[in-house]
Amino acid sequence: MEFGTMDIAAIRSGLAAKEFSAREVAEQSLARIDAVDGTVNAFLEVTPEAALAKADEVDAAIAAGAFDELGPLAGVPVAFKDNMNLAGTHTACASHMLENYVSPYTATCVQRAIDAGALPLGKLNMDEFAFGSTTESSAFGTTKNPWDTSRVPGGSSGGSAAAVAAGMATVTLGSDTGGSIRQPGSFCGVVAVKPTYGVVSRYGVVAFGSSLDQVGPFARSVHDAALALNAISGRDERDCTSQDVTIDFTRGLDAGVSGMKIGIVPEFMDAAGLTSEVKHAIEGAAEKLREMGAEIVEVELPHVRAAISAYYVIAPCEAFSNLSRFDSVRYGFCDPGHKSLAGQYEASRAKGFGPEARRRIMLGSYLLSAGVYDKYYYPAQQVRTLITQDYERAYETVDCILAPVAPQTAFAFGQISDPATMYATDLYTISINIAGNGGMSVPVGLGEDSQMPVGAQLIAPAFHDMNMLRVAAALEEAYGTARVAPDFADVKAGA
Amino acid sequence: MKKIEEVLKDWEPVIGLEVHCELTKLETKMFCGCKLEFGAAPNTHTCPVCLGLPGALPVPNKAAIESIVLAGLATNCDIEKHTMFYRKGYMYPDMAKNFQTTQGPKAFCMRGHLDLDVDEKNINERYGVAELAPGETFENVTRTEDGYTAKVGITRIHMEEDAGKMIHVGGAEGRIEGATHSLVDYNRAGTPLIELVTEPDLRSPEEARLFMEKLRQIFLALNISDCSMEEGSIRADGNISLRRRGTDQLGTKTELKNINSFKSLHDGLLYEICRQAEVLEEGGVIYQETRHWDASKKRTIVMRTKETADDYRMFPDPDLAPYDLSDEFIERVRAKLPELPDQKVKRFQETWSLSAYDARHLVEHRVTANFFEACMETADAKLAKPLANLIINDLAAMANDGLDLSASPLSPARAVELVGLLASDAISSKQGKQVLAAVLDEDKDPAQIVEEKGMKQVSDTGALEAVIDKVLADNPDKVAAYKGGKTGLLGFFVGQCMKATRGQGNPKLINQMLAQKLNG
């Protein structure tokens, strides 16, 4: 059996019926990674010992008749983005700077997944320190899009999206600062959820933009993503920005959209650069929702165009500060032989960080400096307030907003090399991080031109993530559940 | 260099203090659950948060917030209900995250003040105050019966975290110069720290010293820190500049660091005032620089010249949500305020009719205040003044030299007994000092010592009269001289009488009787 391609319910029922053991799930999943990942390169580190140990724990519980006490992810093969700490594994953030760094502790979201029964398969590739939209800035090679290995998987959580799309894991976790969950989710044709800021603890997830970062799941079904959210969400005393969320994210998923009001944003649909195939796909999704009984209405987000400018002030400022701890002194890459501390700092950081990380550090350092701070940081915060108010106003009339995730489907490696052009592709996702709302990508078929997956973005009011999950479930019903990418659907890994 | 008295005639020193105080009485660090413990093996009280490991996040220590609110309420500050933590960036290995979490323009405590009571003997260090009549005010100063009161503004008290400790190995005296390598101990990293900044309202080293002493008394009363200057749990930096008398434009300031005692603070500022005056009088320029007080060489040395302002790239810490204090929280903290030194001084004055001077000096040290109160639990109210004298004149100095008043052989009961013997003229004040020394030495009751040493004061007028008559008869020439106008010889006769009574004659009585006989 190919467990990595199964959904949670199938694994659960198989384990309950003793058709297979958790150990078999783990062994076969590891074998599949062996067979597939040479092509995809989603994993930076595979953790067979941890996966097998957890599998044996799950099997022991089943043998003891305690199956019902096992958490929602019992026996489910799960993997984590490389910026999430798991004690005893490398947390490199796909950077030379942390290439040899081994975590002494475990992130809350990772621990909660494991406590819920997940089998930890390993750590997944990403853009270095999550700076990027293609996973090309990883210091350890690019990840290939399983739908077309000549194309990028998106990013920064490219490994997380590709692992699920290639059937190497049932669920993966990623992080999203400006679209880093939703955009690779769209590019790889999987369900990808960035919950409202505060739903999932950030403790132990290496910070990029602390006020923007949020952890969320990738899966091939909305229901699986909701189960994963159930496992990882909720208040964590170690993260004072986490909230006391006790929602069952699976409730009401099949309630349908009849009677729901769903917004379409002209500022998004008419934006320059939106490819016609993505535009058509989103319009098609809107039509499907209307057919299912939803009311589609236009809503204005007048300040949303300023989101990219505000984001590229706030995010680099926070990143500059968050990355200042990587100084070669206590851990991480150290360029040896310098006579002065300043010399060691300079050389280690110049060689340890890649170009995009250096660019953002320099940008943040400049933006926070005396005399400059007032000109950029304050206005950016003001824009943040305006955008948040735009969304609040929109949600007075709609329950959820439907939008593109990205202007285009997955593109070829190297196709976009100019940073400003790359940043501009974040238009649809970034404002949601700025406002702190929930947003997700759900597959709505293949683009008519590229024949690559297109994701529809659903955006929900803060802490009403259920709204977008419910709409996503309806679209899933209409378009069919996300599939393993065709080239990998039939790969067999023995066992 | 000129003496301070000379300098002060022409120059007005303008002094402000920055006081850092570690909240050593708390159980845990500012942003993590690590234990606060001085002297533990290096890096044993650390965790991902205070080591700045990737992914770790801070969570504020509520007890620390309570402490700073206490400090603010006790120093007449406004408590800001809505504040934020900021990140202050600087790269140095003692700060694991390479930024310090501190507060921004708005701190938890803003706009406070303390009133300093300065003794008469220091009055000339404050320009123009000696000429005032009691009750009259000038600038931030009010003349009192026994000196003056200065109202010193407190700009703010903010919350921050301490850095780790760097140890440089291989260089001289642990200095970084010539060191082969450096070690870092992060046990101290993340220790909750409050920083108090005063307005530039202080005008003399004595005022600065008094401010620190008073602040320390308050923090000790609040029980928020052990306030040990030696261990660095309370540290002060002094900012000082001079301006010509009669002008009001501020001069360039220097910052004085490395002050680990009240004496260093006083002496360092005093030196710096004289040094700056000399430079200015010779037509020189004061550079804005940080100077280090070298107590052994008794001078200040340049540590660092500030050519450009440091750019700390401060911005609100996105990991710490804006901090809101509720009215209920503030009132709950206010209810925990103990009796503060000023209130205690007032109570001592009112309860035992002590002078402001006596009450103030008793309260100046918590141990002496506590000792006084323990004595007064049993003592007659009449003994309050002599007890205050004993404590201020004798015991305070001994306590400063290391005598532990709470555990010495001189229990409050013995002190009361000793003062009782003095008050009833049973022993002379000179004998009193001998008895005090013997109590501490031999651990016996004062009455027993007096008995054993046969120290009873002779107040029997009959016995004394015989002694006096003999002394006068033995010195006819001196008696004649006295009567001829050399009245200063009275002391000689008293001395002879005391000698004849082996020190046990009541000197007051002898004085009276001698005067009567010689003048009569």
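Two strands pair if DSSP finds at least two bridges between them. Strands (E, at least two residues) and helices (H or I, at least four) are DSSP runs, numbered from the N terminus.

The model is predicted: local features need pLDDT of at least 70, side-chain atom pairs count only at pLDDT 80 or more, and totals for chains, interfaces and linings use all residues. Residues are numbered from 1 along each chain as its sequence is written, chains are lettered from A and ligands numbered from 1 in the order in which they are written, and side-chain values use heavy atoms, without hydrogens and water.

**Exercise 1. Find the bridge partner of Ile264(A) in β9(A).**

Step 1. Take strand β7 (residues 261-264) and strand β9 (residues 400-404) of chain A.
Step 2. Their pairing is parallel, over three bridges.
Step 3. Ile264(A) has Leu402(A) as its bridge partner.

**Exercise 2. Trace the open sheet of chain A and name its edge strands.**

Step 1. Follow the order of the 11 strands: β1-β3-β2-β4-β6-β5-β10-β11-β9-β7-β8. The pairing is mixed.
Step 2. Look for strands that pair on one side only: these are β1 (43-46) and β8 (295-298) of chain A.

**Exercise 3. Which domains does chain B have, and how far apart are the centres of domain 2 and domain 3?**

Step 1. Domain bounds come from an automatic or database domain assignment.
Step 2. For chain B the assignment gives domain 1 (4-329), domain 2 (341-452) and domain 3 (461-519).
Step 3. Over C-alpha atoms, the centres of domain 2 and domain 3 of chain B are 32 Å apart.
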